[in-house]
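Please open the structure in your viewer and keep the sequence beside it, so that each selection can be followed in both.

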Amino acid sequence: MSGLHTILGMDGQNTLYPFFWQHGEPHAVLEDYMEKIAASGMKGVCIEARPHPEFVRQGWWDDLDCILAKAKALDMKLWILDDSHFPTGFANGRVKADYPQYLKWYLDLRRYDVQGPMEGARISFPVLKVKCSPSQGQF
């Protein structure tokens with residue numbers, strides 16, 4: 001029962017980070033939303049910026065600065081989704097365009113176990129080769 005008392009007494013750690021969607025609202029609106037979220041007892045938000053009209057451009061960074069300052073003033077934690085789509089890590093195409101050396105790499109390996117000798121057996125060796133490629137393009 002002590003766990004329930006901790007939660008009801010608001011002494012526990014925050015485990016719920018609601019998505020905080022931005023659409024380019026004025027900073028006064030963003031600050032008001034942050035205050036309302038904090039007043040509800042939530043100690044953090046997850047910045048979900050995909051619908052922002054200037055995602056990863058100057059307007060988005062300005063809004064993020066506003067939210068970060070308000071979160072600091074309210075002693076709130078933030079998670080920031082950095083992506084235009086799932087899975088994250090894409091940073092709205094900026095990693096591919098500006099930092100291709102940091103793209104994820106995938107390894108693809110095909111292996112065949114054969115028992116021989118087998119008369120007329122044939123294996124296509126090009127399909128056995130190891131292929132390495134970055135996740136967002138050819139190399």
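**A tour of the aromatic rings**

Begin by selecting W79, which counts as exposed at 56% relative accessibility; buried means under 20% relative accessible area, exposed over 50%, and partly exposed in between, with a 1.4 Å probe and protein chains only. The model is predicted, with local features needing pLDDT of at least 70 and side-chain atom pairs counting only at pLDDT 80 or more, while totals for chains, interfaces and linings use all residues. Residues are numbered from 1 along each chain as its sequence is written, and side-chain values use heavy atoms, leaving out hydrogens and water.

Next, colour the helices and strands: the protein has four helices and five strands, where helices (H or I, at least four residues) and strands (E, at least two) are DSSP runs numbered from the N terminus.

Searching the whole structure gives six aromatic pairs; rings of Phe, Tyr and Trp (its six-membered ring) pair if their centres lie within 6.5 Å, and planes under 30 degrees apart count as stacked, over 60 as edge-to-face and the rest as tilted. Y17 sits in the loop between α1 (2-8) and β1 (19-21), and W79 in strand β3 (residues 77-81), 62 residues apart.

Now select F20 and Y33, whose ring centres are 6.2 Å apart with planes at 70 degrees, so they too are edge-to-face. F20 lies in strand β1 and Y33 in helix α2 (residues 27-39). F20 counts as buried at 4% relative accessibility, whereas Y33, at 37%, is partly exposed.

Finally, select F55, W60 and W61, which ring pairs link into a cluster.
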